[in-house]
Amino acid sequence: MIRLLICFIMLIFTICYAHAWPEKTITMVVPLAPGNGTDIVARILAEELSNKFKVKVIVENRVGASTTIGTNHVINSPADGYTLLFTSPSLVGAIHTLKSTKYKIEKDLIPITIVAETPFVLAVSSTKFKSVKDLIEYGVKNEVSYGTIGYGGSTHFASAQFADATGIKTIAIPYKGTQDSLTDLMMDRVEFMFTPMQATKHLYDGGKINILGVISKNRSKILVTVPTFKELGLSSVNLNFWVGLFVAKNTNQDIVKTLSDAVEEIKQSKSFINKIETIGAESYESMTNKQFLDFLKEENDTYMMLKTKTGIEAQ
């Protein structure tokens with residue numbers, strides 16, 4: 001009888017707690033450096049969530065180990081909805097390329113939704129290559145270096161996919177953050193890199209880098225002169241870049257629903273759409289937690305295949 005009473009009290013407490021959420025500051029963990037494409041969209045979403053929930057939503061960058069430090073921090077945080085994970089396909093890539101990665105997405109996280117999608121662009125310095133053809137002709141004869149954000153992340157896989165499709169000889173140079181890699185790109189310390197558009201558009205506009213190609217079905221509205229890889233005859237260079245939101249496993253389902261509903265509403269708002277479109281991103285279609293999980297299973301298969309095809313080794 002006492003055990004039943006205790007269980008009943010705990011149930012009532014859980015229900016009341018969930019209905020009160022959120023009532024304090026929410027931390028959105030981004031496992032990448034400030035200024036990265038993922039970080040830029042995270043800050044836009046955090047502002048929108050803060051306005052909607054009337055509580056502070058802060059972005060905290062926990063960088064390192066190809067995003068796994070930030071991911072593990074969220075997994076090991078209390079499952080109370082106050083610590084969120086905002087991340088990219090590197091969440092999947094790290095599973096296949098870092099031997100130290102212990103987490104399993106389905107076991108340790110609840111996927112909320114894909115928030116936005118933005119095309120990868122092929123960026124080079126403003127002086128060395130004027131076209132993808134120039135880069136390929138040079139890279140077939142000479143080893144070229146490319147920058148990646150960490151080892152085994154989405155930027156690494158996109159570059160390796162490009163190298164495999166074109167037959168160029170390459171060496172990967174991993175960086176902790178986008179800004180460091182772009183600085184070296186501008187100074188010709190690395191020859192090229194694939195990066196989300198929002199991280200590079202301002203440098204392209206300022207004439208500091210060239211963007212030679214974009215991975216998307218159609219040309220970008222804000223880069224209308226840049227061809228797609230399909231137009232360039234390289235349709236096999238097709239890796240997508242998305243950013244999505246997660247919470248720790250065992251988070252109360254009422255909290256999950258409240259958060260999911262709020263983000264889906266924000267994704268359809270003019271305010272959010274206008275902000276991310278100016279940086280080259282697009283709001284992602286509405287989806288359920290289950291649909292996101294199914295999508296992640298497909299992504300896992302894609303990255304597993306690419307790892308085998310491109311020869312990226314686990315470290």
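Author: Gladly, and let us begin with a definition: a patch is made of residues with over 30% relative accessible area and no salt bridge, with like charges joined within 9 Å and nonpolar side chains (Val, Leu, Ile, Met, Phe, Trp, Tyr) within 5 Å. This is a predicted model, where local features need pLDDT of at least 70 and side-chain atom pairs count only at pLDDT 80 or more, while totals for chains, interfaces and linings use all residues. Residues are numbered from 1 along each chain as its sequence is written, and side-chain values use heavy atoms, leaving out hydrogens and water.

Reader: Which residues form the negative surface patch, and what makes a residue negative?

Author: The patch consists of Glu117, Glu277, Glu282 and Glu285. Asp and Glu count as negative, Lys and Arg as positive, and His and the chain ends are not counted, so these four glutamates give a negative patch.

Reader: Why is glutamate 117 called partly exposed?

Author: Buried means under 20% relative accessible area and exposed means over 50%, with partly exposed in between (1.4 Å probe, protein chains only). Glutamate 117 has 30% relative accessibility, so it counts as partly exposed. Glutamate 117 belongs to strand β4, residues 109–117; strands (E, at least two residues) and helices (H or I, at least four) are DSSP runs, numbered from the N terminus. β4 is mostly covered, with 8 of its 9 residues buried.

Reader: How do you know that β4 pairs with β10 and β11?

Author: Two strands pair if DSSP finds at least two bridges between them. β4 and β10 have 7 bridges and run antiparallel, with proline 111 opposite phenylalanine 246 in β10. β4 and β11, also antiparallel, are joined by 2 bridges, and alanine 116 has serine 283 of β11 as its bridge partner.

Reader: What makes β2 and β11 edge strands?

Author: The open sheet has 6 strands in the order β2-β1-β3-β10-β4-β11, with mixed pairing. β2 (57–61) and β11 (282–283) each pair on one side only.

Reader: Why is helix α4 described as largely enclosed?

Author: In α4 (residues 90–97), 7 of the 8 residues are buried, so the rest of the structure largely encloses it. Among those buried are Leu91, Val92 and His96.

Reader: And why does asparagine 238 count as partly exposed?

Author: Asparagine 238 has 43% relative accessibility, so it falls in that class. It sits in the loop between β9 (209–214) and β10 (242–248).

Technical notes: Accessible areas come from the Shrake-Rupley method with a 1.4 Å probe; for residues, only the protein chains shown count as cover. A salt bridge is a side-chain nitrogen of Lys or Arg within 4 Å of a carboxyl oxygen of Asp or Glu. The place of a charge is taken as NZ of Lys, CZ of Arg, CG of Asp or CD of Glu.
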